[in-house]
Amino acid sequence: VVVPQASGAVGLTVQQQTSGNVGATLFAGGDLVVGDSSHGGFAVPNLSRAYVAYTGAGQSLTANAFTQIQFGTEEKDQRSEYSSNQFQALGTGCYHAEAMLSMAAIATAGDRVVASFFKNGSEYRRFADFTGRNTTDPYSLAGAVTCDLVATDTLDVRVYCYTHGQTTANTFSATTVSWFTVSKIA
């Protein structure tokens, strides 16, 4: 039987016909709560991958500044948590993020590029630091982070280009070479 829910709940509550609510509630974001704290209830969080996005086009990077990477093509966004090139958590939990960036060759040997996860607009964890040896070879930056988020916290990926005569570097666009994914793990 589907019944109206308390604030914050959507979907369904399982009820017995004669003795009332047995307490299974599906909440926004996919978490399932069975029972309640006074009757030994437990939560079953939705641990599915929140989203996968990849770059849909190459992107120039600003010299001597962090540039937010534009993962403009969503492959999967089960919980509608991705927009404006960032992930925004629907609820509190532990999340795991991974990113891979394939970059065009640097303009000048010795140039340095770093990549970081940003949480709520501030650098949170740096995951790659690359200094180019030549101007012909493309390179990749890859990393992962696990962190606690509360509702409305954001994660995104940014790259900083230190330059020695270089003004831009370009990301390659393809589903397999530049991507960003986040999963709720607890």
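Colleagues, the model before you is predicted: local features need pLDDT of at least 70, side-chain atom pairs count only at pLDDT 80 or more, and totals for chains, interfaces and linings use all residues. Residues are numbered from 1 along each chain as its sequence is written, and side-chain values use heavy atoms, with hydrogens and water left out.

I begin with the overall picture. The protein has 15 strands and zero helices; both are DSSP runs numbered from the N terminus, helices being H or I of at least four residues and strands E of at least two. Of its 186 residues, 39% are buried. Here buried means under 20% relative accessible area, exposed over 50%, and partly exposed in between, with a 1.4 Å probe and protein chains only. Taking contact as heavy atoms within 4.5 Å, 65% of the contacts between residues at least 6 apart in sequence join residues at least 24 apart.

Let me turn to strand 11. Seven of the eight residues of this strand, residues 112–119, are buried, so strand 11 is largely enclosed by the rest of the structure. What does strand 11 pair with? Strand 12, residues 122–131, pairs with strand 11 in the antiparallel sense over eight bridges, and strand 14, residues 154–162, is likewise antiparallel to strand 11 over eight bridges. Pairing requires that DSSP find at least two bridges between the strands. On the strand 12 side, phenylalanine 118 stands opposite glutamate 123; on the strand 14 side, alanine 115 faces valine 159. Strands 11 and 12 form a hairpin with two residues between them, and asparagine 120 in the turn has a positive phi of about 55 degrees.

Next, the core. A nonpolar core is a set of buried Ala, Val, Leu, Ile, Met, Phe, Trp, Tyr and Cys residues joined through side-chain atoms within 4.5 Å. The largest one has 29 residues, and those touching the most other members are Phe71, Leu101, Phe117, Leu141, Val157, Val159 and Phe180. Strand 10 (93–103), strand 11, strand 12, strand 13 (139–149), strand 14 and strand 15 (179–184) each supply at least two residues of this core. Leucine 141, not counting residues up to four places away in sequence, touches residues including Ala99, Leu101, Val113, Ala115 and Phe127.

Now the aromatic residues. Rings of Phe, Tyr and Trp (its six-membered ring) pair if their centres lie within 6.5 Å; planes under 30 degrees apart count as stacked, over 60 as edge-to-face and the rest as tilted. The count comes to eight aromatic pairs. Phenylalanine 66 and tyrosine 160 have ring centres 5.1 Å apart and planes at 70 degrees, so this pair is edge-to-face. Because phenylalanine 66 lies in strand 6 (residues 66–68) and tyrosine 160 in strand 14, the pair ties together parts that are 94 residues apart in sequence. Tyrosine 160 also pairs with tyrosine 162: the centres are 4.5 Å apart and the planes at 45 degrees, so that pair is tilted. Phe66, Phe118, Tyr160 and Tyr162 form one aromatic cluster.

Finally, the cysteines. How many disulfides are there? A search of the whole structure finds zero, a disulfide being a pair of cysteine sulfur atoms within 2.5 Å. For cysteine 94, the nearest cysteine sulfur is that of cysteine 147, 7.2 Å away. Cysteine 94 is buried at 19% relative accessible area, and cysteine 147 is buried at 3%.
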